[in-house]
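Me: I have a structure open and would like to learn how to read it. Could you take me through it, feature by feature?

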Amino acid sequence: MGFSLIGPSLTLRPPQPGDAEALLALASDPEVTRWFSWGPYTDIEQPREYIERCAWQRERGEQLDLLIIDREKGPAGITGLSELSYRDRRCIVGTWLGADFWGTQVNRESKAMIAYLGFELLGMNRIGSYSNPENERSTSALEAVGYAREGVLHQWHRHGERYLDVNLFGMLRDDWRASEQAGIEISSEGTPPSAFLQGL
Ligand SMILES: CC(C)(COP(=O)(O)OP(=O)(O)OC[C@H]1O[C@@H](n2cnc3c(N)ncnc32)[C@H](O)[C@@H]1OP(=O)(O)O)[C@@H](O)C(=O)NCCC(=O)NCCS
């Protein structure tokens with residue numbers, strides 16, 4: 001059985017080949033991918049390659065990207081865990097949403113779901129995140145769901161020939177337990193891919 005997370009209005013599951021059209025539509029908007037090293041998508045082969053890469057990264061326990069599906073409106077974007085350190089029980093969350101979903105509850109609920117996955121199902125102790133200091137929307141969105149801004153990492157990301165600073169954020173397991181995010185009712189179906197269950 002496939003793995004999925006179920007929240008009050010969203011379902012998160014690994015993207016499948018049949019999701020390529022929806023991802024193309026969501027990420028062909030230059031505003032959505034403005035802060036990323038990739039995109040906007042211009043060709044169906046790009047989301048197809050991404051979905052293949054996700055499957056491969058899942059098998060190796062490297063990155064667990066999930067399609068965010070609004071059960072009324074359909075696919076909304078991607079959220080996922082990367083940079084997993086099983087020894088230190090930490091990882092990084094990254095999210096992008098189609099512009100129609102900005103300013104809705106999707107970011108809040110999907111962050112609660114990914115926190116449940118990381119802390120409750122994968123035994124993580126810390127979930128970090130990054131934002132471009134110029135990306136005020138993403139910075140505020142992380143703070144709004146309880147991530148603490150911890151500092152700036154200089155020249156952390158390479159986009160083409162440019163090195164970019166990032167804000168570093170963190171949420172610790174104990175902070176999550178005490179936060180409103182932990183009060184959002186989340187359940188799961190199936191088990192997370194086995195490569196992510198190391199050390200449990
Ligand atoms: C980042 C993203 C997932 C956040 O989701 P969202 O639905 O837009 O976020 P929210 O609306 O919940 O929160 C945005 C916050 O920024 C504030 N905001 C919006 N525009 C802003 C601006 N130009 N300057 C400062 N704050 C701004 C909003 O008021 C809100 O704060 P509040 O909750 O305190 O009111 C979404 O915008 C997105 O997908 N962006 C493109 C991809 C991206 O940048 N991903 C993040 C990479 S680190």
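Reply: Gladly! Helices here are DSSP runs of H or I with at least four residues, strands are runs of E with at least two, and both are numbered from the N terminus. Residues are numbered from 1 along each chain as its sequence is written. Please keep in mind that this is a predicted model, where local features need pLDDT of at least 70, side-chain atom pairs count only at pLDDT 80 or more, and totals for chains, interfaces and linings use all residues.

Me: How does the length of helix α3 fit its number of residues?

Reply: The expected span of a helix is 1.5 Å times one less than its number of residues. For the 15 residues of α3 (residues 45-59) that gives 21 Å, and the end C-alpha atoms are 21 Å apart, which agrees.

Me: Which residues of α3 are buried?

Reply: A residue is called buried if 20 or more other C-beta atoms, placed from the backbone, lie within 10 Å of its own, exposed if 12 or fewer do, and partly exposed in between. In α3 the buried ones are Pro47, Cys54 and Arg58. Seen down the axis of α3, they fall within an arc of 25°, so they line one face of the helix; the arc is that of the directions from the helix axis to the C-beta atoms. The general idea is that an α-helix has 3.6 residues a turn, so residues three or four places apart point the same way. Glu45, Glu49, Trp56 and Glu59 are exposed on the other side of α3.

Me: What do the buried residues of α3 pack against?

Reply: Their partners are α1 (20-27) and β3 (64-70). Contact is counted when the C-beta atoms of two residues, placed from the backbone, lie within 7 Å.

Me: Where does tyrosine 41 lie, and is tyrosine 41 buried or exposed?

Reply: Tyrosine 41 is in the loop between α2 (30-33) and α3. It counts as buried because 20 other C-beta atoms lie within 10 Å. Leaving aside neighbours within four places in sequence, tyrosine 41 is in contact with Leu24, Ala27, Ser28, Gln46 and Pro47. Take leucine 24: it is 17 residues from tyrosine 41 in sequence, yet the two are 6.0 Å apart in space, C-alpha to C-alpha.

Me: Which residues come nearest to the ligand?

Reply: A residue is near a molecule if its C-beta atom, placed from the backbone, lies within 6 Å of it. Of the 19 residues around the ligand, Trp102, Asn107, Glu136, Ser140 and Ala141 come nearest. The elements giving two or more residues to this shell are β5 (90-97), α4 (106-121), β6 (126-131) and α5 (136-144). With six residues, α5 gives the most.

Me: Which residues of α5 are buried?

Reply: Ser138, Ala141 and Leu142 are. They cover an arc of only 100° around the axis, which puts them on the same side of α5. What covers them includes α4, β6 and β8 (162-172). The face turned away from that buried side carries the exposed residues Glu136, Ser140 and Ala144. Just after α5, glycine 146 takes a positive phi of about 100°.

Me: How many helices and strands does the whole chain have?

Reply: The chain has six helices and nine strands. Its radius of gyration, taken over C-alpha atoms, is 16 Å, close to the 16 Å that the globule rule (2.2 Å times the number of residues to the power 0.38) gives for 200 residues, so the chain is as compact as a globular protein of that length. Buried residues make up 32% of the 200 residues.
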